[in-house]
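Here's a quick tour of a two-chain model. We'll start with the aromatic rings, then look at some backbone details, the interface and the record's annotations.

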Amino acid sequence: MAKIRKMSALLVGGVLAVTASGCASQAGSSDALTYWSMWKEGEAQQKVVAAAIADFEDETGITVNVQWQGRDNVKKVVPTLNTNKVPDLVDGSFAKLAPILAETGQAKSLTEAYDAEVDGSTVADLIPSAYLDADELSVDGGDAPWMLPYSLTSDAIWYNAAAHPELVENPPATWDDFIDTLDQLKADGEAPLAIDGDVSGYNAYWFTAAIVRTAGPGSLKEIATDPTGEGWDRPEALEAAEMVEQLVDGGYFIDGFNASKWPAQQQAWADNQAALLFNGTWIPTETGPYAADGFEYSSFPFPHLDGGNTAQRADFVGFAVPAKAKNAENAQALAAYFLGEEYQNALGTDAKILPIRADAAVSPEMTTVKEALDAADGYFQQNDGISFPGYTEKLLWPAIDQLVLGKVSAAEFIELMKSGQVDYWKQNS
Amino acid sequence: MTQTEIRTPPRSPVAGPAAESVVRPGGNAVDRGRKRLFVPFVGPAFLLYTVLFVGPALYAVWISFNKWAGAGPMEFVGFGNYVRLFSDKLFIQSFLNTLLLLFVVGIAIFVIAFGLTLVLRDMAGKKIARSVIFFPHLVNAMIFGVLAGFIFNPAGLVNTMLGGLGVEDPPAWLSQDNLFPLIMVMMTWITTGYFTTILMAGVDRIPPYYYEDCALAGANAFQRLRYVILPLTWDVFGTCAVLWTISSVKIFEIVWVFGGSTGQGMPPTQTWTTAVYTYVTAFSGESVPAYGAATASAVLSLALVSVLVLLLRRVMKREAVEF
């Protein structure tokens, strides 16, 4: 009996301890805010944000408790969402913030930030309205988007202008021109396209961009939403897959792309061992340290189909405020403050990324991308905005990998996606 | 295998009621002292273990019965997540990969480790050799994953050397289909030294007079192995097998960096283990997290380890030879 009593005392103690550990809470103060940043100390972008925070603290008297966490900051927010200790402000790409905050109803509608006045006009007017039209930014019942973008990432086909002045003069505009260019490069004995085939996300750029051209922005997401998978029977889907197949069959990709490890192939490209690289706007910064002497970054947008759309990828990077944030007002004030001209220009010229404001300065490397974005007739997100649990990682990317690595044909790819999608929705409905 | 039990002395069948009254309830003074100290000694450990392990583990089991994105409402789905896992080809494939690591790599490790043990036992300079063999285990598996990328890249060390030997068309080492076999080889190489060290400690324990006895009896090397070394190190083998089982089911980091381009994206699905599957399902960062499915996969891994460890202990059970 004594033994049982002791055991039960221990059990009760254990249960109490578990319960107690879940109840910690902290009171908030109104002249401070906590900000978990996606930038790491020392990065060019971090320096711009840090300067803005210093000015903000001076002007408003609000203390900003900033943690420079790096790209995993949004992942680290997840466990806090079930407690009362959420950070007041986080930043990240749309693709990372949306599944964690927006789709779980944990993001605040940023009414005050959008109404705030910066440089004489409201924040809502500073951001090009074409960007804000995206449905994905709205919150149910909210009257302002849940995310305040301060910069964009896009993609482009990059090349060394010093080595290829002919591309500066006459960049291929249509898909057929593009294939001609590739043939020409190949005939000249140069590897036309570099690609790190081990990075599924990079392989996926090709198919996503192609299907945006054949069927328009949002079409891939629409096809993916269909539990019957019949959307894959659309001729535009096959056509897009055939565009990728054409690149594989044409042998345009650099040798060894199917068995290398990132960043081997983008290094080879920066070393002039291949002419073109289809990748994001971070490429000049990322490959800069190992680029060949005299390398001049330039780019042209993914070619359009003769007469087709010229939509460009515009992935937002910006701020969001968790619904439970205690200092939401301060957080929104800082978010709006960062859209000031000074910081937007610094993002463009010092950090060499694309600022969200149309009137902000950009670095010479980004001018061609900026022109393409300004001229675009539509915008799309990475993976065309698909964020269904596991769809991209477990179905779309592995299938696109096979297509780009030349293991399946375009028709087999469509079949793979169709049957895979039926299974996916059977398991996830 | 050592268990400390608090036994009350067996009652003698011949002792009558009179003898019974001599034995005081609660045993002798030492036993009573032990009982008094039970709570103060076991309590803190039990509390910590409950808070940090049992509680979260039970909560994980609860989560696995729900559909949950990590925040917001939970939706109870019963065994839905488990049913889903078994109809997911990718999970089955990841599970098979885990089993491949567990059994194929496990057997390779033990055969090589045991061979090394026999060779190293009476080799000159064995102390240095042991340290050298153990060294790979000191280095984080991730480093080998990253290193492998450099060595096996199309323009990497291996192909350059092969080119020097006149191999025109070397294999595509890092292609998606070749990655997992490479990981298995790497894993064997990293882990063998560790188990060799443990096995050698077991073999060293065997008193030399057994070998002298063997020599006198004219036993050959195989007979010495069969009748002396194996029986006397059997319990060490059993422990090593359990250790490997537990660690192999958790293999994650080497897979993640081997194909995962050092944090740039994620490894190809051909190389996934259940641990990678669990991680991607919960924390991929590219789509809405599925915590229910992820915990279900983790709970299944835990169940797999438990069952295998129990089976192993059953199979490996022998009377320990005292010497």
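## Aromatic pairs

Searching the whole structure turns up 58 aromatic pairs over all chains (rings of Phe, Tyr and Trp, the last by its six-membered ring, with centres within 6.5 Å; planes under 30 degrees apart are stacked, over 60 edge-to-face, and the rest tilted). Take Tyr205(A) and Phe278(A): their ring centres sit 6.1 Å apart with the planes at 65 degrees, so this pair is edge-to-face. Tyr205(A) belongs to helix H10 of chain A and Phe278(A) to strand S9 (residues 274–280) of chain A, so the pair ties together parts that are 73 residues apart in sequence. Helices (H or I, at least four residues) and strands (E, at least two) are DSSP runs, numbered from the N terminus.

A word on the ground rules: this is a predicted model, where local features need pLDDT of at least 70 and side-chain atom pairs count only at pLDDT 80 or more, while totals for chains, interfaces and linings use all residues. Residues are numbered from 1 along each chain as its sequence is written, chains are lettered from A and ligands numbered from 1 in the order in which they are written, and side-chain values use heavy atoms, leaving out hydrogens and water.

Most residues other than glycine have a negative phi, and most peptide bonds are trans. Against that, Trp262(A) and Pro263(A) are joined by a cis peptide bond, with omega at about 5 degrees. Pro263(A) is in the loop between helix H12 (235–249) and H13 of chain A.

Then there's Asn272(A), with a positive phi near 65 degrees. Look for Asn272(A) in the loop between H13 and S9 of chain A.

## Where the chains meet

At the interface, 49 residues of chain A are in contact with 55 residues of chain B (heavy atoms within 4.5 Å). The area buried between them is about 4,000 Å², with carbon and sulfur atoms giving 59%; that's the accessible area (1.4 Å probe) lost by two parts on being put together, summed over both.

Two salt bridges cross the interface (a side-chain nitrogen of Lys or Arg within 4 Å of a carboxyl oxygen of Asp or Glu). One of them pairs Asp177(B) with Lys407(A), at 3.7 Å, N to O. On the side of chain A that touches chain B, helices H1 (2–21) and H19 (410–428) are among the elements giving two or more residues, and H1(A) gives the most, with eight.

## Annotated spans in chain B

The unreviewed UniProt entry lists several stretches of chain B as "transmembrane region", including 41–65 and 179–203; such annotations may be inferred rather than shown by experiment. Residues 41–65 of chain B are 92% helix, with their end C-alpha atoms 36 Å apart. Residues 179–203 of chain B are 100% helix, and their end C-alpha atoms lie 36 Å apart.
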